[in-house]
Amino acid sequence: MRILVAPDSFKGSLTAMEVAKNIKKGINSYDSKIDVELLPMADGGEGTVQSLVDATNGEIIEKEVNGPLGNKVKAFYGLLGDQKTAVIEMAAASGLPLVPEGKKNPLKTTTYGTGELIASALDAGAQKIIIGIGGSATNDAGVGMAQALGAEILDAEEQQIDFGGGNLDKIEKINLDKLDSRLQDVEVVVACDVDNPLYGKDGAAYVYAPQKGADPEMVKILDQNLRHFNQIAIKELNKDINKIPGAGAAGGLGAGLVAFLDAELKAGVDIVLDIIDFESYLKDVDLVITGEGMLDGQSIYGKTPVGVSRSAAKKDIPVIAIAGTLGEGVEKILDYGINSYFSIIDRPAELKEIIEESPELLANLSEQIIRTIQI
Ligand SMILES: O=C(O)[C@H](O)CO
């Protein structure tokens with residue numbers, strides 16, 4: 001029997017590789033003859049760099065950059081095993097956890113550090129750059145990111161505008177003549193965590209700025225500024241980016257990546273399946289085991305287990321999903337190629353306890369699954 005173990009990470013607890021290894025441990029503790037292949041997966045969110053580095057024998061590169069408030073922070077990105085593809089999580093440089101509670105203010109925060117990571121990936125020779133966006137502290141439509149790469153985003157006095165979503169209304173002109181010319185030969189693909197438009201009631205400011213510290217008045221200003229940014233992008237770059245699904249992800253960074261870098265916005269899990277050539281791993285596989293920290297009704301919208309099961313279903317390979325916890329609507333995943341699902345929780349317990357014990361719980365559950373299959 002051949003089993004492909006292709007889970008996402010259990011966020012806040014185990015990397016995807018650690019999840020996969022514990023599943024294998026449980027399977028082989030019951031039957032050491034079962035051939036188990038490990039393939040750490042991701043959907044573009046937190047953990048994507050680590051999973052793709054693990055899956056391709058790549059490396060993590062650390063880099064000090066300007067964080068959301070302009071102070072220095074330690075960030076990182078991945079250079080994959082092919083030495084040509086870089087993977088960046090914007091949150092590593094411009095994410096919400098990098099801003100202390102009392103300082104959250106999307107009028108001021110910048111994506112400059114994300115641009116510095118892109119520049120570092122170009123220095124490392126990347127020919128393709130995958131950027132996972134979401135979990136941001138910012139609402140600057142990627143203007144900081146573009147400035148870090150040489151773009152001139154100018155006010156009426158022809159000066160670079162200051163950092164932050166609160167300054168986008170000052171933009172009068174965009175000059176990309178000094179944008180890093182290496183970008184012309186590089187494909188930039190963006191894995192968005194949501195598909196909101198840039199502005200409006202469903203846009204970046206109204207939906208996500210409150211969690212970044214914006215009060216209702218600030219939300220209004222940020223939304224108007226994003227509208228202004230779109231008008232300028234139409235006038236200066238001939239690009240109407242408002243309605244592209246994902247334009248409003250990461251405070252409009254999705255829109256900025258399209259406007260400034262001609263990036264393509266896609267569902268994260270599809271990018272990952274593509275990069276690792278997932279279908280090639282399905283050859284001669286009898287069963288796929290996938291998983292994620294939480295499985296619920298939302299899992300059908302671009303989460304790893306459903307991306308994996310859709311691919312496996314095309315080849316009629318059964319899929320079992322394992323989760324830390326199961327939430328409302330989880331049964332919907334059964335319509336997407338997942339044959340059955342399980343939680344590792346084996347008794348009433350505190351979350352902290354479950355997280356601490358998750359390696360053993362994963363192994364125990366996997367052993368029980370195999371015992372059942374082999375009755
Ligand atoms: O960063 C954000 O704004 C949210 O995660 C949505 O992308």
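What share of the 375 residues in the chain is buried? Buried residues make up 56% of them, where buried means under 20% relative accessible area, exposed over 50% and partly exposed in between (1.4 Å probe, protein chains only). This is a predicted model, in which local features need pLDDT of at least 70 and side-chain atom pairs count only at pLDDT 80 or more, while totals for chains, interfaces and linings use all residues. Residues are numbered from 1 along each chain as its sequence is written, and side-chain values use heavy atoms, with hydrogens and water left out.

**View 1. The whole chain.** Let's start with the overall picture. The chain holds 11 helices and 13 strands; these are DSSP runs, numbered from the N terminus, with helices (H or I) of at least four residues and strands (E) of at least two. The C-alpha trace spans about 75 × 40 × 35 Å along its principal axes. With a radius of gyration of 22 Å, close to the 21 Å that the globule rule gives for 375 residues, the chain is as compact as a globular protein of that length. Here the radius is taken over C-alpha atoms, and the rule is 2.2 Å times the number of residues to the power 0.38.

**View 2. An open five-stranded sheet.** The strand order is β2-β1-β11-β12-β13, and the pairing is parallel; two strands pair if DSSP finds at least two bridges between them. Because β2 (35-38) and β13 (340-343) each have a single partner strand, one side of each is left without a neighbour in the sheet. From one strand to the next, the twist averages 25°. For angles, axes are lines fitted to C-alpha atoms, for helices over the stretch in contact, and values run from 0 to 180 degrees between N-to-C directions.

**View 3. Strand β1, strand β11 and two helices.** Residues 2-5 (β1) pair with residues 287-295 (β11) in the parallel sense over three bridges. Look for Leu4, which stands opposite Val288 in β11. Helix α1 (residues 16-30) lies across β1, β2, β11 and β12 (319-326), and runs at about 175° to β2. Helix α10 (residues 304-314) also packs on the sheet, where it touches β11 and β12 and makes about 160° with the direction of β11. Contact means heavy atoms within 4.5 Å.

**View 4. The largest nonpolar core around Phe229.** A nonpolar core is a set of buried Ala, Val, Leu, Ile, Met, Phe, Trp, Tyr and Cys residues joined through side-chain atoms within 4.5 Å. Of the 64 residues in this one, those touching the most other members include Ile118, Ile129, Phe229 and Phe260. Helix α7 (residues 216-237) gives the largest share, eight residues. Not counting residues up to four places away in sequence, Phe229 touches Ala141, Val143, Leu168, Ile171, Leu198, Ile241, Ala259 and Phe260. Another core, of 35 residues, lies apart from it, with Ala55, Ile276, Ala312 and Ile333 among them.

View 5. Asn167 sits in the loop between β7 (152-154) and β8 (173-175), and counts as buried because its relative accessibility is 15%. Beyond its neighbours within four places in sequence, Asn167 is in contact with Leu107, Ile161, Asp162 and Asn225. In the loop between α7 and α8 (253-261) you will find Asn238, which has a positive phi near 60° and is exposed, with a relative accessible area of 68%. Asp277 belongs to the loop between α9 (268-275) and β11; its phi is positive too, about 55°, and at 45% relative accessibility Asp277 counts as partly exposed.
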